[in-house]
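Q: Could you show me, step by step, how to read the features of a protein model?

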Amino acid sequence: MMLKIKHLGGTALALFLVLQVSACAPVPDYHTDPALATGFVKRIAVLPLENHTQERFVEKRVHDLLSTQIMSLGFFEVLEKGDLQRFLNDEVQGEDKSKIPHSTARRLGREFDLQAYMAGAVEDYTMQRNGSYSYPVVTITLRLVDISSGKILWQASDSASGYSTTDRILGLESEGLHHVARQLIEDILLTLTY
């Protein structure tokens with residue numbers, strides 16, 4: 001009987017700790033305009049992301065992850081990347097296609113029947129070291145902009161790390177940059193439902 005009570009006590013303690021950790025899990029910083037709740041945004045373009053890191057081409061990898069996550073979560077239809085690239089090449093001068101003027105956004109919306117576009121930046125995408133242990137750190141900022149008004153409907157920013165004390169102690173490898181970035185994007189996008 002004493003063994004059963006100890007086992008139940010251990011299970012209860014483990015459940016309590018899991019609930020405490022999940023209750024304390026940080027939510028990304030975000031802002032949602034009440035207009036987004038009306039459901040008028042059905043189809044969007046995902047603009048090329050800005051790259052604020054030293055890592056070349058990381059914005060392209062994160063862009064593809066972002067587009068895939070938007071579609072897999074079922075939030076919006078996403079304009080095909082090739083159609084968007086052709087439009088931006090014709091309409092936007094220079095190499096930086098991550099920011100577009102309001103007049104260009106309106107033409108984009110009319111041409112492809114879009115209600116909004118998503119833009120943002122990769123702020124950090126690095127491997128950090130703690131002794132002999134390496135782990136990824138990723139920071140991303142995203143915003144959803146109403147094409148007709150130019151108003152920001154939603155903006156969110158968050159950072160994630162693949163650091164694990166258990167992995168470090170056991171000499172295991174941390175999660176990779178790709179995995180951490182994908183999970184971070186999902187966490188950020190889920191603030192659209194809060």
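The dialogue below takes the features one at a time.

Q: What kind of model is this, and how are its residues numbered?

A: This is a predicted model, in which local features need pLDDT of at least 70 and side-chain atom pairs count only at pLDDT 80 or more, while totals for chains, interfaces and linings use all residues. Residues are numbered from 1 along each chain as its sequence is written, and side-chain values use heavy atoms, with hydrogens and water left out.

Q: How many helices and strands does the protein chain have?

A: Helices (H or I, at least four residues) and strands (E, at least two) are DSSP runs, numbered from the N terminus. Here the protein chain has 6 helices and 7 strands, and reading along the sequence gives the pattern α-β-β-β-α-β-α-α-β-β-β-α-α.

Q: Which strands pair with strand β2, and in what sense?

A: Two strands pair if DSSP finds at least two bridges between them. Strand β2 (residues 43-46) pairs in the parallel sense with strand β4 (residues 77-78) over 2 bridges, and there Arg 43 stands opposite Glu 77. β2 also pairs in the parallel sense with strand β5 (residues 116-130), over 3 bridges, where Tyr 117 of β5 is the bridge partner of Ala 45.

Q: Which strands pair with β7, and in what sense?

A: As a general idea, the side chains in a regular strand alternate between the two faces of the sheet. In this structure, strand β1 (residues 29-32) and β7 pair in the antiparallel sense over 4 bridges, with His 31 opposite Gln 155 in β7. Strand β6 (residues 133-146) also runs antiparallel to β7, joined to it by 9 bridges, and the bridge partner of Val 137 in β7 is Ser 161. The hairpin of β6 and β7 has 5 residues between the strands, and in this hairpin Gly 150 takes a positive phi near 80°.

Q: Is Thr 53 buried or exposed, and where does Thr 53 lie?

A: A residue is called buried under 20% relative accessible area, exposed over 50%, and partly exposed in between (1.4 Å probe, protein chains only). Thr 53 lies in the loop between β3 (50-51) and α2 (58-73), and Thr 53 counts as buried because its relative accessible area is 13%. In the protein chain, buried residues make up 38% of the 194 residues.

Q: What does the side chain of Thr 53 make a polar contact with?

A: A polar contact is a pair of N or O atoms within 3.5 Å; within protein, one must be able to donate a hydrogen and the other to accept it, and residues adjacent in sequence count only if both atoms are side-chain atoms. The side chain of Thr 53 makes such a contact with the side chain of Asn 51, at 2.6 Å, and a polar atom of the Thr 53 side chain lies 3.0 Å from the backbone nitrogen of Glu 55.

Q: Which residues is His 178 in contact with, leaving aside its neighbours within four places in sequence?

A: His 178, which lies in helix α6, is in contact with Leu 65 and Tyr 125 once those neighbours are left aside. His 178 and Val 138 are 40 residues apart in sequence, and their C-alpha atoms are 9.4 Å apart in space. For the protein chain, residues 24 or more positions apart account for 69% of the contacts with a separation of 6 or more.

Q: Is Gly 131 buried or exposed?

A: Gly 131, in the loop between β5 and β6, counts as exposed because its relative accessibility is 57%. The C-alpha atoms of Gly 131 and Arg 168, 37 residues apart along the chain, are separated by 9.4 Å.

Conventions:
Contact means heavy atoms within 4.5 Å.
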